[in-house]
Every structure is written in C-alpha cells, then in structure tokens.
Number of protein chains: 2
Amino acid sequence: MATTTDLYGELIERMKKTVLLGSCSSVLGWDEQTYLPPGGGEHRANQLALLAGMTHERATHPRVGELLSELESRSDLGADGSDEQVVIREARRSYNRATKLPQKLVEELSHTTTLAQQAWVGARKAKSFPQFEPWLAKVLKLKREEASAIGYGNGVPYDALLDDYEPGATAESIAAAFRPLREELVKLVAAIVDSDRHPQHEILTRRYPIDAQREFATQAAKAIGFSFEDGRLDVAAHPFCSGFGPGDCRLTTRYDEQHFPGAFFGVLHEAGHGIYEQGLNREAYGTGLGETTSLGIHESQSRMWENLVGRSRPFWQHFFPQAKAAFTEALSSVTVDDFYAAINDVRPSFIRVEADECTYNLHIMLRFEIEQAMLAGDLQTPDVPGVWNETFEKFFGLTPPHDSFGCLQDIHWSAGLFGYFPTYALGNMYAAQFFETADQTLGGLSAQFARGEFAPLKQWLNEHIHQQGKRFRAQELVQRVTGRPLSHEPLLRHLHARFDPLYGVK
Amino acid sequence: MATTTDLYGELIERMKKTVLLGSCSSVLGWDEQTYLPPGGGEHRANQLALLAGMTHERATHPRVGELLSELESRSDLGADGSDEQVVIREARRSYNRATKLPQKLVEELSHTTTLAQQAWVGARKAKSFPQFEPWLAKVLKLKREEASAIGYGNGVPYDALLDDYEPGATAESIAAAFRPLREELVKLVAAIVDSDRHPQHEILTRRYPIDAQREFATQAAKAIGFSFEDGRLDVAAHPFCSGFGPGDCRLTTRYDEQHFPGAFFGVLHEAGHGIYEQGLNREAYGTGLGETTSLGIHESQSRMWENLVGRSRPFWQHFFPQAKAAFTEALSSVTVDDFYAAINDVRPSFIRVEADECTYNLHIMLRFEIEQAMLAGDLQTPDVPGVWNETFEKFFGLTPPHDSFGCLQDIHWSAGLFGYFPTYALGNMYAAQFFETADQTLGGLSAQFARGEFAPLKQWLNEHIHQQGKRFRAQELVQRVTGRPLSHEPLLRHLHARFDPLYGVK
C-alpha cells in the first residue's frame, strides 16, 4: 500500500502542474490585454479555450479524486489545521467545484469571454451598448449554466458564482454588510456635497506628460514595495494585475495626459494587488497555501495602498516634492494641502475606477443589484442600460451621457466575472479594519509614511495575510488578525477622519 | 468501419489542437524575449517545459499513429500530390520524428534551453564566455542525445538535426553548395578590400533618434507588405520573428541611436519572415499545407526583402526623401548615392547580423564548421572561443576583441538550434534565384520599387511560395519556381551586379 507521504506527494505534483498550466493562460490573457494585434483575436480565443479545457481536464482527472478520497481517510496526514490538512481541504474544494463543470462549458466560457472582451473593447470605444449586448447575453447564458452546474441550495444562482470569488459569502450576507454602510455613506456624501469647501480639482487635469507619469508611478510602486525585479508595468484598456507565478507579476494601467489620478492611483492599486501576489509563499506554489485567499482580501490590499496609504496626507508629505520636480508645469505653484484636497475631492461621478473613496462603494452597490437581477432572470440584457441609468440617477443624482460612462465602463461582465463586484466593497471594509490594527500594532503609520517608510506595513501584511495563503477564509482571517468580525465601522471611522476635516463637516 | 473522410477529419482535428498548443509556447517564448522580468526566468522555464511536454505527448499519441497507418492504407484518399496526400506525408514525417524523442528529453531540452538563453543574455552582456560555457555544454549534450534518438545512417549526427530545419539536406550537400560560393566570395571580398573606393560609413553612425527609427522602419515594413493589423514590432536582445498563428505575427528588433542599419535592415529582414508567415494558407492552419516549408526558404524571404529589395538603389530612390525628413540631423546634406554606397559598405566585421551581403556567408561557413565539430565530438565547449577566433582570423583577417563580438554573439546554440546556421546561407542563394525569376516574370522590379510598388513581388511570393506551404521540399520548390536546381550563380550574379559598379572592380 502506498504511504501517505507518497500519495500526498503525487497529489501535490499533479496540482502544481495544473496550476502551472493555468499560469500559461495568464500569460496569454495578459498579452491579449496589452499587446495583441487586432487580427489575432480569434486565434487567441482558440488558444485560451484549448488551455482552459486542458487545465480543466487535469483539474478533474479521476486520479485527483482517488488521491483526495484516500488521503482524507488517512489518519497520519497531520493534525487539524496542519499545512497538509489545509492543502487537502482546498484541493477538495477546487476539485468538487471543477468536476461539477462540464469540460464543454469550460471551453465555451473561455472562448466566448475572450471574444466578448474584444467586443467590449470595441463597443466601449464606439460608445455603443447594442454592439456589446449580444455578447453580454451569450456570457450571461453561460454563467447561468455555470451556476446551475455548481448548484445552489437556496434558490439564489448568484451565490454559486460569488462563492468562487469570496468563499463562504452569500448575496444575503453581503447585502447585510452593505446596508448600514450605505446608509451612513449616503449621509456623509450628502454632507460633503452641501459643504461650501471645494477642492481645486483642476489641479489634477493640467498637463502631466505621460513619460513622467510612468516614471513617477513606477517609483511610487517601488517605494511601497512592489518589486520590478519580479514584475512589470504595461498599458491596458482596463487596468489589472496578473500574477503569473513566482517571480513574475504584471501590472497594467492607462495614461491620460490631462488626468493625473487615473494612472497614478491605478498603479498604486494594482501594485497593492501585486504586493500580495509577490508576498505569497513561493515554496507552496501550486497549493492552497501559496494562493490568495479571496478576492475581497485581494482587494483589501489594493485599496489599502491606493487609498489608506496613497491618498493620505503623510504619503504626500513624502512624495509631493518629488511630484513637483516631475510635473513642474502642473504643480509649480501648488501647495501640498491643495494637492491633498484635490486628490480627495468627493463628488458624484460616472466612472467607478476613478471614484472617490466615499462614493466608490455606491458604484459597487449599483452593480451588485444589477448583476443579481440579471442572474435571477429578472433583468434582460437589452434593458441593462435603462436600469443602470435609472439606478445611477437614484444613487448619484446624475445620468450617464452615454453607455461608456455607464454600463459599458467595466470589463467584468464581458469576462464572465459575475459576482465579482461586491468583493471590491468588501475589500474596502477589510482594508480599513486591517489598517486600524496595523496602525496600532506598528506604533503609528503616519509618521513612517511621512518619512517614506513603507516597509513595516508591507512586512506586517506579508506576515499576517500574504504568507497565510488560503489557510483561513476571509471572515476568519479578519477575526484572527484584527480580533473582531468584519464590521463597517473601521471604514466609516477612516472616512470621517479623512473627510470631516477636509470638508468641515460633522 | 470508419470512412476515410471521418478518419482524415479526426487526424486534422488532432493535428490542429497540437499545433494550437505549440503556438501557446510561441507566445510565452516571445514574452520571454521581450518583456519577461528578470525574476520570472525559472517560472517561465517551468511553463515552457510543461507545454513542450504536453505538446510532445499530443504529437506522439498512439491514436495519431493508428490514424496515419489506417489512412496510408486507404485507396480513396486522393491522388498523389493531392492536398490530402501532402497532409498525410507531412504528418507522418512529424510523427516519426516526434515518436523517436523521449518525452523526458523534450522537457529537459525545453527547460535547459530556456535557462541557457537567459544565461546567454547575461553572459553576452558581461562579455564572459565562461559564464555561458556550462550551459553550452548542457545544451550540446542534450542535442547529441537528440541526434542519437532521431538516428543518422551515415555517421553524421549533424544531419539528424539539420533535417529538422531543412528537410532533405545533409552536411555533405550543403558543404558542396558552399564550396564554389566560398571560393568566389573570397575573391570578390579581396577585390573590394583592395578597391580605392570607400563609402562614407560614418553617415550611418550619426544620431538617429530611436523613436524616428521605430516609425520609419514600421512604415517601410508596412510598405513592403507586412500587416500591422495582424502583427506587431517590439524590442528584443536578439531580433526574431514569431508567427503565433493566423492573424498574429510578432517581429522584434533592437535599436542603437548611433547605428541606423542595425534596426532598419533588421526590421526589413524580420518583416520578410513575417510576410511569409502572414502569407500562409489560413484555412490549412495546423497541417503541413499551412506551414513554412524549410528554414532555408524562410530565410530566402527575409534576405530578399532585406537585401535584394531593401539595399537596392531603386528602393532608396523611393524611400530616401522620407528618410531625410525623418532624420534631418543625420541626413540633411547626404545624397542618395552616398547613402546607397554607405548601406552597401563591404568590410570584414565581427557581427553576423550586421555583416554586408558579401561577407555574410563567410560568417555562416565559420559557424557551420564549428557546430559540426561540436556535434561530432571533435571540439569541446571550453575550446570554442579559441577555435572561433582562430577561424575568424583565417576568414576575415581580424580577431574579435571579446567573445560578445565572437562566439557569444548569437542566441542559437543557447536555444539548442544546432544545424540552423547553414539555412541562412542557403536562404541567400534561394533568394537570389527566386528574385531573378520574379524580376523576369514581373517585367522589371527596379522600376516598380522606384515608384514604391512592392505589392507585385509580394503577391508573386504569396502565390508561388507562401501559399504552397510544405507541398514541396525546398529543393523541389526551387526547381519548380525557377525551372532550375539550386545554384550559387544567381547570388554571385546579384553580388557582382551590385558591388562591381560600387567598388569599380572587375
């Protein structure tokens, strides 16, 4: 009879190869978003579908099931909570999920979403939702099939998809977390809108030469701890971070010469994701212990560096002199206080990725409602722009001038990422709660930031979050790291601490 | 019993998937050369080895052998020379070759050459052969194993490798083709070196801003027929062209602000390869009918556009005014005749890819000798620089100042490409012979080039060469297209026609 060690080794070997194969898709996906020539779209879709199918075939190989069953019956595998137990638990979860999906559906989803993303790029450029709608309908149909294949006990197909991104969360639990937050946010935004203080937003729409933006953002990403030895920064229509594996993590952003914050805070955001990827345990690559634990936690890392760090007064105390040197034309007569106020300008606006910290979560809540309705079959794809604009008007008091400022702005649905959006708002809540704890533990981060010291926070995150991999579910991780369950209060405390003085409210 | 049509369909389906999977490796290989961060090398090697192994597994699947044997026994597959027969013939050739290689060797070769290429980049930069030597030894050992696995009847391991690049050729047949060429070249070079005419080479080492070089080269590549809708141009340490598949072909080059011809003729060269790739029959993708027929023929396309077209007087009659506009500082007081003489400067020099048309083939003959000796076991890797420099001195009357100008200059050996070099010189011979025929058939290409018309030549190549795929072996293709077997005479006629008047020789 094979020893437990042998069986475990065989399972690990298989898993590593499967993850390695999946990482080849990441390279092709990155290239698709950054450098693919227009004519190469169909071929790329074929390549990605083939890899998705082969990866799925490996992930669902009957031998994996046998190994798992056998290992689960062994008593000599390690105690509860041991590395081995965590690896088996996560492998079982992935295997069960993967075996529920027919190979054909996996390949079809890959192929369709590759083409749908290409269609989305064109439609967004053309400001034409009808150009994208047939693709949205196709993707939605496949995602509903996916939800059915995964199964959901409670009659809510959304939960089957959400569970892939935020294990353990449900639409219900998220709605409950959002409710008190939304109430408070609406009050805060209203108070700010009523305030008679108005940051000089135009500071940020002066001329910021793109080469200088790239260089400045690169330096900032380096300073907070993203390693360019093990990664790079390129341009893509929709910014993202993709960790290919140990030593290779790719960030992307987009530049607008007339808009400083878009690229800069975008890079800090993606670098936050990248620092998580680069902080994973390399030795555990290919197993749950070397993987990020949930998208919400992932987003907590990006939003922390983007907002809690990057939009803070001490961060700019350190970086503003460098910014003045890099953007002499735009910033020569600007004070750090005016700049700080401008980057924290709160105002209802159309584009989620450029929204301020106060309104951002309302953008998420809008998408959360709409995608739930689509998946439940309560909202047909041709009606999405109408419902989007109506809800937007209700939340923000504004109507998007065209769909590229409305329901066409995000890549997610074209990529099949239904159930993904709420993890952004969860990320904001996790971020604030982690940050409060880090701040207390590390003895005042503000003074460190003002001196340009970001390593202590990064190392704390490395140790308490990144190196843990999937050892704990998001909810448990928050409880363990902060000593409390997830709450909307730290985020609100942060927002009040930052925005009350800026706008003279409360 | 399955019909012939069904079996044939099944074979095609299998082949297409295998080629598609192989094309994923091309994407990762391209990224490795263009954008890979330093820390990602080991992971990339693992990815490429996995894909190489999986591709090999598919290519050697027993079902492919069954299908081939069954189809070969069917009488209703199509007449001799039919598409079906060509596809089966080429599939059989690939299958036989692939099944001779153990999977383990394929993976080891992939993994080792990936790391060896990375080591080569570092060693070349450091001008340190010893830094690269252990990798060369490892690769050589594996390539000798490969040759043994493939087998060679005549005691010449080199032939087993050469056959992969130039089916049907042998070291013997190539040496025979080179012999009369070398004799004549040595005479021609000697006459030119003795000439009292000296082009103003320094014209080409003035300041050529890199952005302008990129733009100008891009426009020229477009003009000769490379489609940027279906391809792109990036930067790599060692320029190459990689056809990923229908609609996606990548060119690379490297820029030196003080050296115009390096990037420009490099781009024309790679664009020539790219035009071949883009000219393949898309519907036949995945079969021999949709593949380039040999490296020699591939090189004939790149060298034709680079030299026979790109360094011709009529080409510059058209492009020189644009060059003057793009490089005002360097070219404002230069005449087209001085420029034409400068780009056709013949002089013994160190770097193959920057060599003139007359000395180029001597660079190849040097490599051809050395790699044969390595494979035969007559030359040990630590002795390569010594033998290189000695032979170089014999051929060129010069000694490389360091190994990056000597045996470290090419990527080929690090990538395992033994037997590849002679295809470059074959390409020059094929190119001249094809070009003579095209010139006669199309009624004088010079006048067309002078008017900026390159489409007739491109279409002639598309029809007579590119669209044929692997229907004919190189030798037969030359015979069919030009009505004669391969000869060194057209190349010599071309060289005399170009260089005799420039140097007042003969």
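## Pro157 of chain A

Pro157(A) is found in helix 7 of chain A, residues 157-165. Helices here are DSSP runs of H or I with at least four residues, strands are runs of E with at least two, and both are numbered from the N terminus. This is a predicted model, in which local features need pLDDT of at least 70, side-chain atom pairs count only at pLDDT 80 or more, and totals for chains, interfaces and linings use all residues. Residues are numbered from 1 along each chain as its sequence is written, and chains are lettered from A and ligands numbered from 1 in the order in which they are written.

Is Pro157(A) buried or exposed? Pro157(A) is buried, because 25 other C-beta atoms lie within 10 Å. A residue counts as buried with 20 or more other C-beta atoms within 10 Å of its own, as exposed with 12 or fewer, and as partly exposed in between; C-beta atoms are placed from the backbone. Leaving out residues up to four places away in sequence, Pro157(A) touches Arg144(A), Ala147(A), Tyr152(A), Leu375(A) and Ala376(A). Contact means that the C-beta atoms of two residues, placed from the backbone, lie within 7 Å. Lys143(A) is 14 residues from Pro157(A) in sequence, and their C-alpha atoms are 9.4 Å apart.

## Chain A as a whole

Chain A has 21 helices and three strands. Its C-alpha trace spans about 75 × 55 × 45 Å along the principal axes. The radius of gyration of chain A is 23 Å, which agrees with the value near 23 Å for a compact globule of 506 residues. That radius is taken over C-alpha atoms, and the globule rule is 2.2 Å times the number of residues to the power 0.38.

Of the 506 residues of chain A, 49% count as buried. Take the contacts in chain A between residues at least 6 apart in sequence: 73% of them join residues at least 24 apart.

## Two domains in chain A

Domain 1 of chain A covers 4-156 and domain 2 covers 171-503. These bounds come from an automatic or database domain assignment. The domain centres, taken over C-alpha atoms, are 26 Å apart. The contact takes 39 residues from domain 1 of chain A and 34 residues from domain 2 of chain A.

Which helix of chain A gives the most to the side of domain 1 that touches domain 2? Helix 1 of chain A does, with 12 residues. That side of domain 1 divides into 24 nonpolar, seven polar and eight charged residues. Nonpolar means Ala, Val, Leu, Ile, Met, Phe, Trp, Tyr, Cys and Pro; charged means Asp, Glu, Lys and Arg; the others, Gly among them, are polar.

## Where the chains meet

In the contact between the chains, 30 residues of chain B meet 29 residues of chain A. Helix 1 (4-34), helix 2 (41-59), strand 1 (231-235) and strand 2 (241-245) of chain B each supply at least two residues of the chain B side. The largest share of that side, eight residues, comes from helix 1 of chain B. The chain B side divides into 14 nonpolar, nine polar and seven charged residues.

## Helix 16 of chain B

The buried residues of helix 16 of chain B are Val384(B), Trp388(B) and Phe392(B). Seen down the helix axis, they fall within an arc of 60 degrees, so they line one face of the helix. The arc is that of the directions from the helix axis to the C-beta atoms. These buried residues pack against helix 15 (357-376) of chain B. On the other side of helix 16 of chain B, Gly386(B), Glu390(B), Glu393(B) and Lys394(B) are exposed.
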